Structures are given as structure tokens and as C-alpha cells.
Amino acid sequence: MTQLNHPEAPQEATRLHNTLRAIDARLGQPVQAQGADPYAEKFIGQLLEAERAALIESRDNPYFGRLDVQVNGKPRTLYLGKRPLSLGDFTVTDWRAPVATLYYVSQPGKHPYRVKDSTQYAEVNLKRQLLVDAGELVRIHDVFASPRSQQKPQDAPTGLAQPNVAPPMTAPTKPEAKPDVPPLPVTKSAEPVIPTVPGKAAAPPARDRAPLASETRRPAARAGLPGLEADFARQQGRRLQEIIALIESEQNDLIRMPHDRTLVINGVAGSGKTTIAYHRLAYLFYPGHESALDPAQTIIFGPNRLFLQYVRDLLPDLGVRGVRQTTFDDWALDTIRSAHSGPLRVVEGTLPTLLDHRSTREQQDRAWLRARMRGTPRMQRLLDRFLQLRVRAFQAPAEGLTLRVERGPVQLQLTLSQAELRSAHTEVNMNVGNLPLRRRQSQLAAALLERTDALLREHAGTTLNILGSEVGKQLRTQLEAFLEVAWPSIDPIGDYYALIRDEASLRTVADSSFSDEEIQLLVDRPAQRPLEVDLEDIPAIFYLHLLSQGKREAFQHIVVDEAQDFSPLQMFILKLHCPTQSLTLLGDLAQGIHAYRGLQSWHDVNKIFKDSYELREVRRTYRSTREIVTFANTVLRRTLKTRAILAEPTDRLGPVPTVREMQGERELYDAVAQDIGRLREAGFTTIAVIARDDSESDTALRRLNARGVGARRVDASRPEGDTRGVTVLPVSASKGLEFEAVIVLNASERAYDASREYDGRLLYVAVSRPLHYLSVYALGTATSLLPRSRAVQAASARAAGV
């Protein structure tokens, strides 16, 4: 076992050894479920199997921290882990337990914690981070130790090679704020500086080159992320960082927020919104938690299938299973298809228009406005009025309805008059409240069946109960066939497109909700093939389906990632499916690359959820180096001006991002291929080449693979995407993902027009994906959204030979 330079390293190593022995001893015991009856025996067996699974999953890393506290004057030492382990003297406390919240305080002293409905207090004396890997104690770091603990804060290096991460120290002084970024090299030929990946030995310095970033000094981690920031850097191959051991007080507060509200977390890029939300779910599922949530009645909506593949293991790693993870579009389409015959093909009409440089500004503006209108509360009200018109549009024939039934050799003929039909229709609509149209039709069929029963009794001269008889079935079949003509059901897809393409009908239904120009814009849309559904129409079609068929499921809790790209209509649909209004909504308005259909501000959510709404902001980013964050902040500031909420970086340093202007496509792809080769040599395992759109991504894949790069193309719509190795993808597919290194393919002024806010949002998303390294290329002049200075301009002029 690695020797650790910490006063209590021997004791901690012994404790870990004994914990692992206790786990092994428990696993060696036979599983015997004994119950009073077979059902009890089965239940006990399931509990024992769950306990065994937890032991197996905890074997390599049973705990991550130690907490020394005094409760009511009695000292207690707690070891905290992802799962609770009842092992006698070597018990591990679940990180979700009420007392475990004390682990996330930032200083020693007396601190409160909640136990059910009461507040308890404990004196916290020691907070110790313990990194255990494959059953071995690798690192010990005391975040703080009060005099009562007889400890002094110190760190224990492991003896493992860690050339790129400084040992934990006290937090450094905060650098002075600068108006912009340090001068960046904008050149035509100079190669970017390539760091080594944290955990990989750096190359020896040479006299004829500048030192690699990995050979430069890295400051100590700030107080909130001491010691185990090295662990953060070494685990970049994982799909998403586990933050249990590194959670700060602010994050812990968000995770443990009460469930009885709509919690909106607006977090900057790299702030850990997704991990906070997933750990929040795990916390809400903690046994005995007041929420009593059922995973089977909880759903997570991700931005695309690629993202969901990226995070698919996070909840199981936290011991949570059974939660459905999908996209809103897939969920809605699955529901619509249940009541629709024939295959549906989804097309995306807006985004390609916005990304296509051949589109005129007028075409892009019209596509933007058309998409936005379809997701507004005004569209919701229009569809509500459409339903009301269909509810009232009951066609009772003047001659009434004649029904024929057979009872053995006898044939009967019964007639309901027009007045009787209208009376039954009116009575049903007065008594059913807000029932969907399908339920109203069923109620009317039942009411007409009762009237027919009365006629039949009168005709037969005896009391007959026909509702369950063969006669009743004959009558119900005829009534349902009549109602499909006199009061037809709504076909959500067919009726929606018939309405939205018919100017006269749209004006009748819209009333004054849309202006004449807006109605014309809705009608004037690209032609679609039969059974094609535009992506931007899915929320409206789904809402019309709900008005017609009703909702088929309700959720106890809903999580939405990248919620800024949900329209107000989508938010209202979620409210319909969550009666408790218990939601966790994550987003960053600055990253709204689908702003044409998304939220204008979080106030849109407040208007829908009202009193249950609560907004929290997270401005600290943990993903990228200080240099990359500063670079991305500049892009954001130049895009959103005074509306920009800038990310606050940690003190992890790295190479300054580079901007390289290339004169031709061959030069561009030669340089990118060389860049990728150097990154691979330096040990990078996740490298992203981010293009503006799908077309540019496809071209980049062909050009790079022709140069032997061996890249793979991933798509946001396919769940089988893999982000290891070299990945080529469009900006829209990179949302929520992170990579060790990112190469932005062509950030020219033509590709990212500084006068268009949408282009700035796209570029900001692209440059905020990397962990350690960022290189930006441009065909021709780089966009003015990128950081530039007089020194940068001078360097560019020198490279051009001016």
C-alpha cells in the first residue's frame, strides 16, 4: 500500500483495511431469506440482494470522507460514502443522511442540520477527504481541523506521479480583475502550445521552445476544491464527474432543497448543473426522505440522445435505478404514436435555415419568428379555442338518429330525435368540466345509451338492462359510429396542420391572439410530405393530443436539463403532467442555441408555475482552466453585452487558447490534423472538433480521415454516439458535453457574424466545452467575437508579413 505523509496515515490505512475485510466477510456469508410466508420471504430476499449489491459496488471505494463532530457533547467519527454500509465498528454513513450535510460546511465550528422537523446542532472539528481507488488509500487531505481535533490542516501526497497538479495548499489570493483576456496569438502558421494531460508525465523542457503548459506552475486549488482536484483531473475519461466528495456548501444547499417547488438552477457553462441535479434526485430518493418519491414516477428530460448516452451511468453509480431518461420530443412522439396509425418522420426546418449561409437574413428572421410563435402561450390559447369550437360543433341530423337492434327473431328500430341528441350533447358539456374530447364523446355515448334503454323498455313493455347485453353492444357500436361523424375526434397531426395551413380557419380560431402578419407567417411555411412532423410543431401537436385524448401519466418529480431551450408551451405541458409542481429545471440562458423556440427569460417559467417557482444562480465554473474561462467570457460579453452573466473560474491554470487564421481549406485541415496528433502524443483521450453545422461536420470528417486522423462523427439524435478518441460534431450536438481538448473548426467572421446574437451563442457553447485545451481556427479573418487586442493584431500583421 502506498505510504502517505500524514500523521494519521497508518490509522486511516488500517481502518480502510478493516472496512474491506468486513465487506468481504459479509459477502462471504450465505444469503438466507426467511419469512413468515412466501411473499415475506421474497421481500426479505430482495432486501438482502440489494444489500449484497451495495457491498459489491462499494468494495473498491467504500467511502470518500471523514467527519469528526461532537453532538450533545459526545464525540463521533463518521465515514461518508455513496452507499450506507452497516458493518458494526466500520459503518459507512450515506452521504444523503441528514447528519452528512455537515461534511459540506466550509469551516469548523457549530453548525445546524435538520432531522425530520427539528434542527440539531453539532460541533464540526475535522473535515477530511479520503481518496480510495481500487481498495487502496491514495490521498488524504484535511480541508480543516480545529484545535479540538488535535490536527493541523495538511495534505498527504501519494507518491504517484502528478506533474500537472500542484499539491493542495491554502487558497491563493484572487488575481486582479482584467478588462479582457491576456494577449492571444492570432497567427497564420505558429503551432499552438500543447499541454500534457493531468496525470501524464510531461516532456522534458528544451531550450529551443517555450515550456509546455504542463511544465508551468499551477496554483493551489482554492479552499472549496482542495486536495482532490487532482482526482478531478485524473478522471476525465469518465462520462461525468462525481462531485460527492467535492461538493461545496452552495451546491449542497441546492441538492438538499425541498422537493415541493419548481427549482430553477441557472448555472454558467461548466458549473456542474447536471451533476447537482442527478445528486439531488439521489438525495430525494433517500429512504425516509419526506418526498417519498418513486423512481418509476420520475422522469429526466435531456437535450438530445447523445447527451443521455453521456450521462446514462450517473444515476446507477449513485445507487438509483428505474428513472426514465428521454428527450421531450421522443416522449411526446411516443405518446402521439399510441393514438396514430402509420409511421412518422421528424424533420427540422428552423435550425438548418439559421445555420445555412445561403439563407438571407430575411429568411432567417422569418424562420425564427415562425418557430417562436408556435411555442408561445398564444399558441396554447389558440389550440384551446380550437378545442372549444370542436366541442360545440355537434352535427345532429334533422331526421334524428335511427338505431336497429336484433333480439333473436325480433328486429327493433329506435329513433332519437334531433332535439334529444342536442339536449344530451349540451348536458354532457355542462357536466364534464375540463375533460378531453375523447372522454366527452364517451360520456355522450353513455348518455344516449341510457335514453335508448328507456325507449327499449317502453317498446318492449318490460324493464331491460341492456348496458352489458348483446343488445347493448349493438347499440354502442352504432352510437360510436354516429358520433365519429356528428362529433368527430381530433386527429392531432392532421387537424393541426389543416388549421395552421388554412388562413381563413386560422383567422377564425386565432381571434385577436395573432396579427394579420403573424397569421400570414404561420401559413407561409415550407411544404411537407405526408406523415412528416416539423420538430418545432411537436409541442403544439402534443398539446392538441392532450386536449383530445387526455394525459396518460403523471409524475412525482421532473428534471429538465438545458431547460432554456424549452418553450413556454412545453413548460405548461410539464405542469399538466406534474400535479405537485415538483421540478428541477437546469439551464443557462446564455447557451440558448435554440432560443428561437426557447425561453426569453426565467420569468416565462415564473408565470407558469407562480408560487412554486424558485430561482437560484451558480456562477462558479469547475470545468475549464482559468484561461479558457476568460476566453469564453470575452465571447459571451461581446455577444450579450450588459446582459452577460460571466463565469467565475477556479485557479487551475493552463495554456492560453490560440486563434489561427488560415488562408485555405487544405492549410486548415493540415493544421488541425497536426494539432490532433500532438494532442494524442500528449495523452489526450477525448478530443472534439466542433463545427458550425452538420454539413461542415461531414466535410471535416472526410478531410481529417483522409489525413489519417481516424475521427468519428457523432450526432445528437443517435444514442450510440461515443465521445472517446477524436469526435467531430456540430455545436448543437455538443450541448452539455465536455472534452479534454476542443478544436473549433472555422470561427471566421462569415461563419460567426458578430452582429447576430445567435452566432455568438453558438460560438460561446463551442469554446466552453474544453477542460484543458482550446484551439480556434478560422478560414480567413477570425470573427470579432473572439478575444483580440492591439498585441494580437500586431502578431497577426507580422504573420501576414505586413
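I take contact to mean heavy atoms within 4.5 Å, and I take helices (H or I, at least four residues) and strands (E, at least two) as DSSP runs, numbered from the N terminus.

The model is predicted, so I note that local features need pLDDT of at least 70 and that side-chain atom pairs count only at pLDDT 80 or more, while totals for chains, interfaces and linings use all residues. Residues are numbered from 1 along each chain as its sequence is written, and side-chain values use heavy atoms, with hydrogens and water left out.

**The chain overall**

I looked up the totals and found 25 helices and 24 strands in the chain. Of its 802 residues, 56% are buried, where buried means under 20% relative accessible area, exposed over 50%, and partly exposed in between (1.4 Å probe, protein chains only). Taking contacts between residues at least 6 apart in sequence, I read that 75% join residues at least 24 apart.

**Helix α18 and its two partners**

I next looked up helix α18 (residues 538–549), whose axis comes within 10 Å of that of helix α11 (residues 377–392), the two crossing at roughly 35 degrees; axes here are lines fitted to C-alpha atoms, for helices over the stretch in contact, and angles run from 0 to 180 degrees between N-to-C directions. On the α11 side the contact is made by M379, Q380, L383, D384, F386 and L387, and on the α18 side by A540, Y543, L544 and L547. By class I noted 8 nonpolar, 1 polar and 1 charged residues, with Ala, Val, Leu, Ile, Met, Phe, Trp, Tyr, Cys and Pro counted as nonpolar, Asp, Glu, Lys and Arg as charged, and the others, Gly among them, as polar.

Helix α19 (residues 568–576) packs with α18 at an angle of about 35 degrees, and their axes are 9 Å apart. Here P539, A540, F542, Y543 and L546 of α18 meet L569, Q570, F572, I573 and L576 of α19, and this contact has 9 nonpolar, 1 polar and no charged residues.

**Two single residues**

I looked up R128, which is found in strand β5 (residues 118–133), and it is buried, with a relative accessible area of 0%. Its side chain makes a polar contact with the side chain of E8 at 2.8 Å, a polar contact being a pair of N or O atoms within 3.5 Å; within protein, one must be able to donate a hydrogen and the other to accept it, and residues adjacent in sequence count only if both atoms are side-chain atoms.

Last, I found V432 in the loop between α12 (418–431) and α13 (437–460), where it counts as buried at 11% relative accessibility. Leaving aside residues up to four places away in sequence, V432 touches R440 and Q443.
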